[in-house]
Amino acid sequence: MTILRIPTPLRAYTSGKSEVTVGGSNVAEALNDLTAQFPSIKPHLFNEGGELRPFVNLFVGESNIKDLQGVDTPVKDGDRLMLIPSIAGGSPFPLQGEGQGMRVA
Amino acid sequence: MIEELTHNQILRYSRHLLMPEVGLQGQIKLKNSSALIIGTGGLGSPVALFLAAAGVGRIGLVDYDVVDSSNLQRQVIHGTSTVGKLKVESARERLADLNPDIQVDVFNEPFTSENALRIAKDYDVIIDGTDNFPTRYLTNDVSVFLGKPNIYGSIFRFDGQVSVFYAKEGPCYRCLFPEPPPPGLVPSCAEGGVLGVLPGTVGTLQATEAIKILLGIGEPLIGKLLLYNALDMSFDFVKLKKNPNCRVCGPNADIKELIDYEEFCGVPGHHADDTSAGAGWDITVQELNERLSRDPNLLLLDVREPHELEIAAIKGAKNIPLGEVAQRMSELDSAEEMVVFCKRGSRSARAIEILSSAGFKKMKNLRGGINAWAEEVDKSLPVY
């Protein structure tokens, strides 16, 4: 089993959990287990074709899976997976925040 | 010309001079160095204060906002006495008091593709204290094109990120985030707020990195990203590599000049109105007040989060938070007329988009939200 760290913006889809324990021998399986446990997170990580969205950064330990073998990157017991979101500041996702265009954090 | 230190300055900076890593030569270096801070808000406040205190000789401040009392929970460079003033002027006054020996340049304008290169070219480091994607990508690209380090900090609620993006020696912001998330894909817990001390922590880390880089000491956060969570009190580091396909700093970069960042990020201009679902949907608070006097049973749909109802509420309104509107629209009758509102009008505009695409037609968006209602109709309610 592997610990997957969930960033604050996505915790709304993991019942507020900051860490989720997932099974699987590679990243794809671990993410499948995550989306099986929390189906509503799926569209935030994957596009309609089932591919990881380009702005989603997933790290195994200290390394970005983009620098390893992508979703085929193996994971083993005790590994730590981390999802790293784009955050912009006061209003993380434009158009939805109450802040004006260029207001600063 | 290298400026030396005066006797007064030697006394002022004596705690620096005592450390061999800084010393007299390091302090002279700081005095002859410069930093541009984009944004004079939550992140820019501690950055500017600490760089000024440290004796960085010239500090540039870019912001076009004015100080609001709701800023003071985190934007510690400003104060109650400067509410209503330009942020750059408020900050300049505070810095002049903290350290009259430094030069503070103020740019009371938005940082845009038109002025960014001109503003940034004469500074040694650029510090990203913005809160939106277009300005972050602009800040990154300007730093890459000018060959300057970009001291990055970003916050959201309890999470912070810090790195030094310096394309000459490591990855840039775009290497990690080639493109922003499409607007609206990830929920903004937002309208969301931020723990006031969080930008203090993150901005102070940015100031630390800036000073290290200006002095040329220590290990800067180049090629590393710090992830901080205040609730867990966790600090995690990950390694960042240069992306060979990076469009601004990769070997085959195709972006060679500044672009239209609002278009790139799919967000409206600096002053665009995100609080309207379109003129046809709008209702003003006066119109609503008048409608309610004729039709007290008019359905009011409040799409704010439940905890916001404690702050201010309109009696009789039905609460369905924006994030639940899509799932719970069966609770609403599309034949019945309703007025949708939130704090300021942007979430309710989104709710109207969602409901409209599901076939609802008889809806109005309350312009200015409950804050306008509190300001103009029911003055017993607070504005927040």
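In the predicted model described here, helices α4(B) and α5(B) are roughly parallel to each other, a label given to angles under 35 degrees, whereas angles over 145 count as roughly antiparallel, 65 to 115 as roughly perpendicular and the rest as oblique. Their axes come within 9 Å and cross at roughly 30°, with α5(B) spanning residues 87-98; such axes are lines fitted to C-alpha atoms, for helices over the stretch in contact, and angles run from 0 to 180 degrees between N-to-C directions. On the side of α4(B) the contact is made by Ala48(B), Leu49(B), Ala52(B) and Ala53(B), and on the side of α5(B) by Ala91(B), Leu95(B) and Leu98(B), where contact requires that the C-beta atoms of two residues, placed from the backbone, lie within 7 Å. Helices (H or I, at least four residues) and strands (E, at least two) are DSSP runs, numbered from the N terminus.

Residues are numbered from 1 along each chain as its sequence is written, and chains are lettered from A and ligands numbered from 1 in the order in which they are written. Since this is a predicted model, local features need pLDDT of at least 70 and side-chain atom pairs count only at pLDDT 80 or more, although totals for chains, interfaces and linings use all residues.

Helix α4(B), residues 44-54, also contains Phe50(B). Phe50(B) counts as partly exposed because it has 18 C-beta neighbours inside 10 Å; a residue is buried if 20 or more other C-beta atoms lie within 10 Å of its own, exposed if 12 or fewer, and partly exposed in between, with C-beta atoms placed from the backbone. Leaving aside residues up to four places away in sequence, Phe50(B) touches Thr204(B) and Ala207(B).

Chain B as a whole has 15 helices and 13 strands, and its C-alpha atoms fill a box of roughly 75 × 50 × 40 Å along the principal axes. Of its 384 residues, 45% are buried, and among contacts with a separation of 6 or more, 67% are between residues 24 or more positions apart.

In chain B, 8 strands form an open sheet of mixed pairing, in the order β3-β2-β1-β4-β5-β6-β7-β8, where two strands pair if DSSP finds at least two bridges between them. The edge strands of this sheet, each pairing on one side only, are β3 (103-107) and β8 (234-239) of chain B, and the twist from one strand to the next averages 15°. Strand β2(B), residues 58-62, pairs with β3(B) in the parallel sense over 5 bridges, and Leu61(B) stands opposite Val106(B) in β3(B). Helix α7(B), residues 133-146, packs on the sheet and touches β1 (34-38), β4 (125-128), β5 (150-156) and β6 (159-165) of chain B, its direction making about 165° with that of β4(B). Helix α9(B), residues 197-215, likewise packs on the sheet, touching β1, β4, β5, β6 and β7 (224-229) of chain B, with its direction at about 170° to that of β5(B). A parallel pairing over 5 bridges also joins β1(B) to β2(B), with Gly60(B) of β2(B) as the bridge partner of Leu36(B). Because 4 of its 5 residues are buried, β2(B) is largely enclosed by the rest of the structure.

Chain A comes to 2 helices and 5 strands, which follow the pattern β-β-α-α-β-β-β along the sequence. Buried residues make up 46% of its 105 residues. Strand β5(A), residues 80-84, is largely enclosed by the rest of the structure, because 4 of its 5 residues are buried. This strand β5(A) pairs in the parallel sense with β1(A), residues 2-5, over 3 bridges, and Arg80(A) is the bridge partner of Ile3(A). Strand β3(A), residues 57-60, runs antiparallel to β5(A) and is joined to it by 4 bridges, with Ile84(A) as the bridge partner of Asn57(A).

As to confidence, the model scores ipTM 0.84 and pTM 0.85. Chain B averages a pLDDT of 93, and 96% of the residues score at least 70, pLDDT being the predictor's confidence in each residue, from 0 to 100. Over residues 186-190 of chain B the pLDDT is below 50, although this stretch has 19 contacts in the model beyond near neighbours in sequence. Where pLDDT is low, the predicted coordinates should not be read in detail.
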